[in-house]
Amino acid sequence: MKTSALIVSAAAGAAFAVPVAQTAYGQCGGDGYTGVTSCVSGYFCSYQNNWYSQCLPGTAPALAVSSAPAVKTSTLAAPTVKAPAAKASSSAVVKAASSKASVPTSSAIIQRTSSATSSEATATAAAEKATTGKVQYGGINIAGFDFGCGTDGTCNTGGIVNPGTTGINQMNHFVKDDGLNAFRLPVGWQYLVNNVLGGTLDAANWANYDALVQGCLSSGAALCIVDIHNYARWNGAIVGQGGPTNAQFTNLWTQIATKYASNTKIAFGLMNEPHDVDIATWATTVQAAVTGIRAIAPKNIILLPGNQYTSAAAFIDNGSAAALLKVTNPDGTTTNLVFDVHAYLDSNNSGTSSACATNNIDNAFSPLATWLRTNKRLAFLSETGGGPTDSSCLIDLCQELTYLNQNSDVYLGFTGWAAGMFDTSYTLSMTPTLSGTTYTDQPLVKQCVVAIFA
């Protein structure tokens, strides 16, 4: 709940208002918060940061003060509502409607197999991770190489804006000043091969993109995600379903894997937001790419996207979970095969409005967490976000990311959408403001992304 609720009771013939306890996962404290500070039975008010406290399962630690955490007297920036804009770029087609831990080392490889021994190890690791209450990776998308790409998989390479030094400097800031450790680096397929389907990586274009990847690594990030931002398509035709063949898609990924096989800090995001695909056939395409990559890069994390813009809320019901569950490494294991999900917080989950309407817990991340535990698998939230100063988003995104932390046994991490070459006025901007040599983060980044993770 975003606001406190009151119930009216009668006593000795007089009516009076009594504040009720906050609901599960609701806000119970924080800078400027004026609602109830107690929680329903079975939950306690857990301090997350100066701006946000939340009702979480369990009882307060023995040394915790029973009253709500003290809050600062400063107030949040006034909400700003901006007109809806396409998530990918000003020229992109808007998608249809359909979420300070120590930095882990690159040797911390996630393992999920069907053997009894692996299951026991998984349970132990999950229990240990749950005590920390932190996902392993937290960060932001650095956009620009994807500009000009629409949901039909048409990528106008003339629309590309190389993040270059700007993107690298932002990553340095996010790591060194904010404590974030993961970045997703979207790029159009057409750009990498200079519009030649099935062709080799274009030397000049690849050099530009690789410079951003190397900048990510040099920043000290623990995870740099290569993301092909084509919506399972090439110029309107679906990969493996009448468009590019599985062999052509796999050829792209084996070339990329060859470049980065020696560095397990680089993850492979196979495809951004597939939609309107036959999910069983798409899983076959994903399997082909995984098999090709694993022949070259046996240890890198591979992110497996589902249908309906890989919506976290629809991942189970639309068959993505069941279909992708069958994708394995060549040896039959699922080591470092992680499900890729997206979740926006506006009313239709489209990422086109600055106003937030949900924290995605009950409708998406809670049921998905249950499914992941049952199947001993992990998911990564590679896109989520809201209006950078919107008051509802400052509540909902904090709640969403806190829930991921509290379920870090099944959620590996998140990257918010987006910084890089987006202007600070963009509807979902996470781009910091630069004054001289000093960066100032957007309120949503500071109060939710950074405060919840770092």
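Reply: The element names come from DSSP runs numbered from the N terminus, where a helix is H or I with at least four residues and a strand is E with at least two.

A word on the ground rules. This is a predicted model, where local features need pLDDT of at least 70 and side-chain atom pairs count only at pLDDT 80 or more, while totals for chains, interfaces and linings use all residues. Residues are numbered from 1 along each chain as its sequence is written, and side-chain values use heavy atoms, with hydrogens and water left out.

Let's start with β7 itself, residues 182-187. Six of its six residues are buried, so the strand is largely enclosed by the rest of the structure. (Buried means under 20% relative accessible area, exposed means over 50%, and partly exposed is in between, using a 1.4 Å probe and protein chains only.) Both faces are covered: one side has A182, R184 and P186, the other has F183, L185 and V187, and all of these are buried.

Now for the strands beside β7. Two strands count as paired if DSSP finds at least two bridges between them. β6 (residues 137-143) runs parallel to β7, with three bridges joining them, and N141 stands opposite R184. β8 (residues 223-228) is also parallel to β7, this time with six bridges, and P186 faces D227 there.

Keep going and you're inside a closed barrel of eight strands with parallel pairing, in the order β6-β7-β8-β11-β12-β13-β14-β15. On average, neighbouring strands of this sheet are turned by 25° against each other, direction ignored.

α6 (residues 279-294) lies across β11, β12 (302-305) and β13 (337-342), and runs at about 170° to β12. Contact, by the way, means heavy atoms within 4.5 Å. Helix α5 (residues 246-260) is worth a stop as well. The expected span of a helix is 1.5 Å times one less than its number of residues; for the 15 residues of α5 that gives 21 Å, which agrees with the 21 Å between its end C-alpha atoms. Its buried residues, including F249, L252, W253 and Y260, pack against α3, α4, β8, β11 and α6.

Next, the rings. A search of the whole structure finds 16 aromatic pairs. Rings of Phe, Tyr and Trp (its six-membered ring) pair if their centres lie within 6.5 Å; planes under 30 degrees apart are stacked, over 60 edge-to-face, and the rest tilted. The rings of F145 and Y191 have centres 5.4 Å apart and planes at 35°, so this pair is tilted. F145 is in the loop between β6 and α2, while Y191 is in helix α3, so the pair links distant parts of the chain, 46 residues apart. Both F145 and Y191 are buried. A tilted pair also forms between W253 and F268, at 5.5 Å centre to centre and 55° between the planes. W253 belongs to α5 and F268 to β11, so this pair ties together parts 15 residues apart in sequence. W253 and F268 are both buried. There's a cluster too: F145, Y191, W206, Y209 and Y260 form one aromatic group.

Most residues other than glycine have a negative phi, and most peptide bonds are trans. N195 has a positive phi near 70°; you'll find N195 in the loop between α3 (189-192) and α4 (203-218), partly exposed at 40% relative accessible area. Q308, in helix α7 (residues 307-310), has a positive phi near 55°. A cis peptide bond joins W417 and A418, with omega about -5°, and A418 sits in β15 (residues 411-420).

Methods:
Axes are lines fitted to C-alpha atoms, for helices over the stretch in contact, and angles run from 0 to 180 degrees between N-to-C directions.
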